[in-house]
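Here is a walk through a two-chain structure, taken one piece at a time. Keep the 3D view open as you read.

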Amino acid sequence: MPRDTLTGSRIRERRVMTGLKQSELAKRADISPSYLNLIEHNRRRIGGKLLVDIAHALGVEPGSLTEGAETALLANLREAATSAEMPEAELARVEEFAGRFPGWAGLLADSQRKIETLQHSVEALTDRLTHDPHLAASLHEMLSTVTAIRSAASILAEPGVIEPEWQRRFNRNIYEDSARLADTSRSLAQYLEESDSEASETNAPQDELDAVFQKVGFHLPALETPQADVDTVAADLGQGLSQAAKWLLQRTLVRYRTDARRMPLSDCADAVAASGSDPFALAARFGCDLASAMRRLAHLPEDILPDPVGLAICDGSGVTTFRKPLPEFPLPRLGAGCALWPLYRALARPMMVHVAVMQQSARAAARHRGFAISQPIGQAVAGEDVLFESHMLIVPEPKRDTSETVRRVGLTCRICPHPDCDARREPSIMVASAPRKL
Amino acid sequence: MSKQVLLIEDEPNIIEAISFILSRDGWSVKTHSNGADAVEMVKERRPDVLILDVMLPGKSGYDILRELRDDPDINGLPVLMLTARGQTKDREIAERAGCDAFMTKPFSNADVLETVRALAAK
């Protein structure tokens, strides 16, 4: 199975930090310097006893050599490779590539992200052209007018005698129709210009919202004061966003302020100091529901938490409506994540808290604890089914021996190597040669 | 006696131009601009060829065509459909509804004339 961490780079980094020569480390680990050199350049995979030996020789935990923050980079590179139908032999060298040419790898990953965004915007524009009633009506009007002009003009242009009275009529028709055409095309141009500036061309509204939080962070001091005003903050953060993204932002900020009022920052700090990133403890302390406590934890300043926490919220259709990814637990930008996540399992058993220790299959080491619950949204109405929304809090989990089951989950199917998975909805590029279970 | 064409179209200047070229070719041309009572009009006029626009006030050209095809009294009438959108989807809908010929705006006068002649000769 491919390992997607830059273990070799980390070994080299540690060795240089400790001031050890390559030959010296090779000797201590009982391998040849040239072999160590290949390992350090990510050109040979390493694991098992040799990894433990090298870690020992460097005086570090083996785990620290296999963990890193390159998951997102490697995931993006794999996405790029899928679209190019890269042969498996090449694909297996993705780590080596990222390790040897970090700049180029970053550039490629960025381009891949841009391509995805552009594809998305092309789809959105096609949708608009096909379904926009105003556009369809304008085009129909223009084509009708053009048809009338063309017919009348060709009657006048064709050889043969036409009576003066008919000539005058067709001349007048052409004159009228051309004026009408000018009006329609002017208003159409204006409409396109307006909608263009309004719906900031490229991104999905959710992407725009993500970009805002990436820029300002998930903790908003302006919403923590008792007199905080959502509209002011929304106006400030929403500059340059499309109408749809502004709507999403407003909704998120209203929730933020409601949560912040129920769970004031100083009390949260005490709660976290006492019991860590524990949504149950927070919910119990403030007497609120678990989903609110999860959101509150995700929006607390990172320096009061033991580790930054992630959060994903999805609606009943499984579409992600809020994303706070972690470096070691990325959340897919487009489409849904892994059906094995407690986030989605919770939808099947509303109001029950699903807790699972997860280890992403595509990663060598990182573990996270996921807390998920699906709760009703909106007011209860007699005789009506309620709608549910699912929250999943993602808390980094130290790697240690545990009697708990560690669930192997993926990010998205395409880049997940999990060989026999019932939740698979798309073939993986990582197990291309393995027999498929249908 | 000259053959009769019925043109159902709501754009006055298109009506005028098509009427002119067909009349000049020796056809007797009747026109109608409303979709709602178009089927009755067809049954009353009994034209040799029908030219039918898709976007009409009251009822769409597709619906009118389906009603005509369902009526054993008139279902053999040759029909030329006109539409302002030339997507394959529109052509498919028109063909499934049972049109004999299909033209997208803007069309040329010569094509209309040729198609109407061909339909009448069937």
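Helices here are DSSP runs of H or I with at least four residues, strands are runs of E with at least two, and both are numbered from the N terminus. With those terms, chain B reads β-α-β-α-β-α-β-α-β-α along the sequence. That comes to 5 helices and 5 strands. Bear in mind throughout that this is a predicted model.

Stay with chain B for a moment. Of its 122 residues, 35% count as buried. Take the contacts in chain B with a separation of 6 or more: residues 24 or more positions apart account for 58% of them.

Two loops of chain B deserve a look. As background, most residues other than glycine have a negative phi, and most peptide bonds are trans. B:R46 has a positive phi of about 50 degrees, although it is not a glycine. Its loop runs between α2 (38-45) and β3 (49-53) of chain B. Is B:R46 buried or exposed? B:R46 is exposed, because 11 other C-beta atoms lie within 10 Å, and 12 or fewer counts as exposed. The other loop joins β5 (101-104) to α5 (109-121) of chain B and holds B:P106. The peptide bond from B:K105 to B:P106 is cis, with omega near -5 degrees.

Now turn to chain A. Its secondary structure comes to 18 helices and 6 strands. Buried residues make up 34% of its 438 residues. Among contacts in chain A with a separation of 6 or more, 65% are between residues 24 or more positions apart.

In what order do the strands of the chain A sheet lie? The 6 strands form an open sheet, ordered β2-β1-β5-β4-β3-β6, with mixed pairing. Its edges are β2 (320-324) and β6 (406-409) of chain A, each pairing on one side only. On average, neighbouring strands are turned by 30 degrees against each other, direction ignored.

Follow the pairings across this sheet. Strands β4 (residues 367-377) and β5 (residues 387-397) of chain A run antiparallel and are joined by 11 bridges. One bridge partner in β5(A) is A:I394, which faces A:G370. Strand β3 (residues 354-360) of chain A also pairs with β4(A) in the antiparallel sense, over 6 bridges. Here A:V355 stands opposite A:F371 in β4(A). The pairing of β3(A) with β6(A) is parallel, over 4 bridges. A:M358 stands opposite A:R407 in β6(A).

What packs on the sheet? Helix α17 (residues 290-299) of chain A does, touching β1 (310-315), β2, β4 and β5 of chain A. The direction of α17 makes about 45 degrees with that of β5(A).

Next, the nonpolar interior. In soluble globular proteins, nonpolar side chains tend to be buried together. The largest nonpolar core has 60 residues, and A:M294, A:L311 and A:L393 touch the most other members. This core draws at least three residues from each of domain 1 (7-107) and domain 3 (307-438) of chain A. Leaving aside neighbours within four places in sequence, the contacts of A:L311 include A:M294, A:A298, A:F322, A:L393 and A:I394. Apart from this core lies another, of 39 residues, among them A:F170, B:I51, B:V79 and B:A101.

The buried residues of α12(A) are A:E208, A:L209 and A:D210. Their cover includes α14 (243-262) and β2 of chain A. Just after the helix, A:G217 takes a positive phi of about 85 degrees.

A:D229 is partly exposed, because 13 other C-beta atoms lie within 10 Å. The C-alpha atoms of A:D229 and A:L253 are separated by 9.7 Å, although the two are 24 residues apart along the chain.

A:D30 lies between α2 (22-29) and α3 (33-40) of chain A. Its phi is near 65 degrees, a positive value in a residue other than glycine. A:D30 counts as exposed because there are 10 C-beta neighbours inside 10 Å.

Terms used: Residues numbered from 1 in each chain as written. Chains lettered and ligands numbered in written order. Predicted model: local features only at pLDDT ≥ 70, side-chain atom pairs only at ≥ 80, totals over all residues. Pairing = 2+ DSSP bridges. Axes fitted to C-alpha atoms, helices over the stretch in contact; angles between N-to-C directions. Contact = placed C-beta atoms within 7 Å. Core = buried A, V, L, I, M, F, W, Y, C linked by C-beta atoms within 7 Å. Buried ≥ 20, exposed ≤ 12 C-beta atoms within 10 Å, placed from the backbone. Domains from an automatic or database assignment.
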